[in-house]
Amino acid sequence: MTAVEFERVTVSLGSRVVLSEVSLRLEDGEFIGVLGPNGSGKTTLMRAILGLVKPSAGSIKVLGKPARRGNAAAGYMPQQRQSVRSLRLSGWDFVASAVNGHKWGWPGARATERKEIDWALATVGARDLARRPLSETSGGERQRLLLAQCLLGRPRLLLLDEPLLNLDPHHQRVVVQLVRQLQKELAMTVLFSAHEINPLLGALDKVLYLGGGRAALGGVDEVITGPVLSRLYGSEIEVVRIGGRIFVMSGAHDLEKSEHRHDAHL
Amino acid sequence: MLTYDFMVNAFLASGIVAVVAGIVGFFLVLRGQTFAGHALSHVGFAGATGAVLVGLPPLWGLVAFTVGAGLGMGVLGERLSGRDVAIGIILSLSMGLGLLFLHFYTAYATQVTALLFGNVLGVDSETLWTLLLLGAVSLAALAVIARPLLFASIQPELAEAKGVSLQLVSLLFLAIVALTVAECTQIVGVLLVFTLMVGPAAAAGRWTSRLGRGVALAAILALAEAWTGVTLAYYTDWPTSFWITALSAAVYFASLPR
């Protein structure tokens, strides 16, 4: 079974071509790290899979069916907004807002929905966060609640957009391990975008590296290489491995690190 | 106090409006759209004075203009977010237009004051029924859209992916806000709509983190402020709107230290 299939997909945002004739096939049940420089289309790729962005050419299939909005089989954690951090709503209400949130009516949860929310909170180990306001949770705790939210409806495909942003290294490890564990337990396909490969090493099955409108998919050793990345970045790239860590360098400049730092200011 | 018809009407009218304003206001605060509510009330001023000029009841002019402007904001949607200057200029233009309409009408100062600062003691039974009807429509519509509204307010991208139309939800909500603003204007006037729609809801949001309790508390606070305000106005002979704004501010600031 193929989780996601792109066939010669071109996606443009305004006049900018973000993905250009990208073809790829993501197998079911894999943990895929989505990497690439800022603006390389990591978010756009996910939004295209969710049917929120229509490709100008080519076709996208999700679990064998054409990509469309409202696909219950796809869970999504959008890149975190500032407003979520200052929300005074309790963790429970935050997660609950997503249960059947597309249906008309008053928000009160029915018994079956309550069970589903409790299950999602327990699965990510966030039961004790249910009563606290979101504004009083730490970055790592908020990630758990966001994960619980996208597990509702038990998706087979999970799209996580930069879940490690603004987390310290310890919490980055915790989140990666939690997602890996959930991915195996619930037999999901996970697309996990990040600025840096290192926190994901050991957890991921494959890397999907985006750049210059193109994509490279494969194992870490196949994709994170000088020749492949040079093609994606459109400039000379050197890959340095030190003590089990990988550094993507352009000249003397660490590209992934600088991307990360750049974003931390936002 | 309750032997006077106008006092009974004042309690009923302010009660209806306060409950609706508290509940709708809770979602307005949650979405961070309070400035839109403020702007809509000013647009309503032009509508009300325009209606008077052509010989229609001011309330209907108010409703027509606020709902029209609310729908307009909803259609522009994301393009308006962060455009406080544009909203502010439309807000001033509306007040200017209202002034022009009054100039042609050469109206009494009392009518202007009533529009700007409210006149709850002047509510007749016909207006009372209109308020009840508008309030029922607002709350019924809110009950229909509340679930996707909440989802779209908290996690817009996720809601969109799950099939919620952000634009439709925003459009319907702003129409509801517009109706509520028009109602509030009858009690506290164009300039003081914030006091019933935002004050109690913001305080409620600080006192509880549970959604249901927050909505209920916002309605209760707004109702308590309105009724206490009317009562104090009766005994002091000071303006009702003053008392409501004072109570609203007191309750909001009391909620801050937490």
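Residues are numbered from 1 along each chain as its sequence is written, and chains are lettered from A and ligands numbered from 1 in the order in which they are written. Because the model is predicted, local features need pLDDT of at least 70 and side-chain atom pairs count only at pLDDT 80 or more, while totals for chains, interfaces and linings use all residues.

Chain A carries an open sheet of four strands in the order 2-1-4-5, with antiparallel pairing. Strands (E, at least two residues) and helices (H or I, at least four) are DSSP runs, numbered from the N terminus. Two strands pair if DSSP finds at least two bridges between them. The edge strands of this sheet are strand 2 and strand 5 (65–66) of chain A, and each pairs on one side only. Helix 1 (residues 42–49) of chain A packs on the sheet and touches strand 1, strand 2 and strand 4 of chain A. The direction of helix 1 makes about 115° with that of strand 1 of chain A. Such angles run from 0 to 180 degrees between N-to-C directions; axes are lines fitted to C-alpha atoms, for helices over the stretch in contact.

The pairings can be followed strand by strand. Strand 1 (residues 2–13) and strand 2 (residues 16–27) of chain A run antiparallel and are joined by eight bridges. A:Ser12 stands opposite A:Val17 in strand 2 of chain A. The two strands form a hairpin with two residues between them. In the turn, A:Gly14 has a positive phi of about 65°. Strand 1 of chain A also pairs with strand 4 (residues 57–62) of chain A, in the antiparallel sense, over five bridges. Here A:Thr10 has A:Ala57 as its bridge partner. Two bridges then join strand 4 of chain A to strand 5 of chain A, again antiparallel. A:Val62 stands opposite A:Lys65 in strand 5.

Another open sheet of chain A has three strands in the order 11-12-13, with antiparallel pairing. Strand 11 (238–242) and strand 13 (253–254) of chain A each have a single partner strand, so one side of each is left without a neighbour in the sheet. Five bridges link strand 11 of chain A to strand 12 (residues 245–250) of chain A. A:Glu238 has A:Met249 as its bridge partner in strand 12.

The domain assignment, which is automatic or from a database, gives chain A domain 1 (2–73 + 157–264) and domain 2 (82–154). Residues are in contact if their C-beta atoms, placed from the backbone, lie within 7 Å.

In chain B, helix 11 (residues 211–236) and helix 12 (residues 240–255) pack at an angle of about 140°, with their axes 8 Å apart. The two helices are therefore oblique to each other. Angles under 35 degrees count as roughly parallel, over 145 as roughly antiparallel, 65 to 115 as roughly perpendicular and the rest as oblique. Among the residues that make this contact are B:Leu221 and B:Ala233 of helix 11 and B:Trp243 and B:Val251 of helix 12.

Between the chains, 24 residues of chain A are in contact with 25 residues of chain B.

How values were computed. Two residues are in contact if their C-beta atoms, placed from the backbone, lie within 7 Å.
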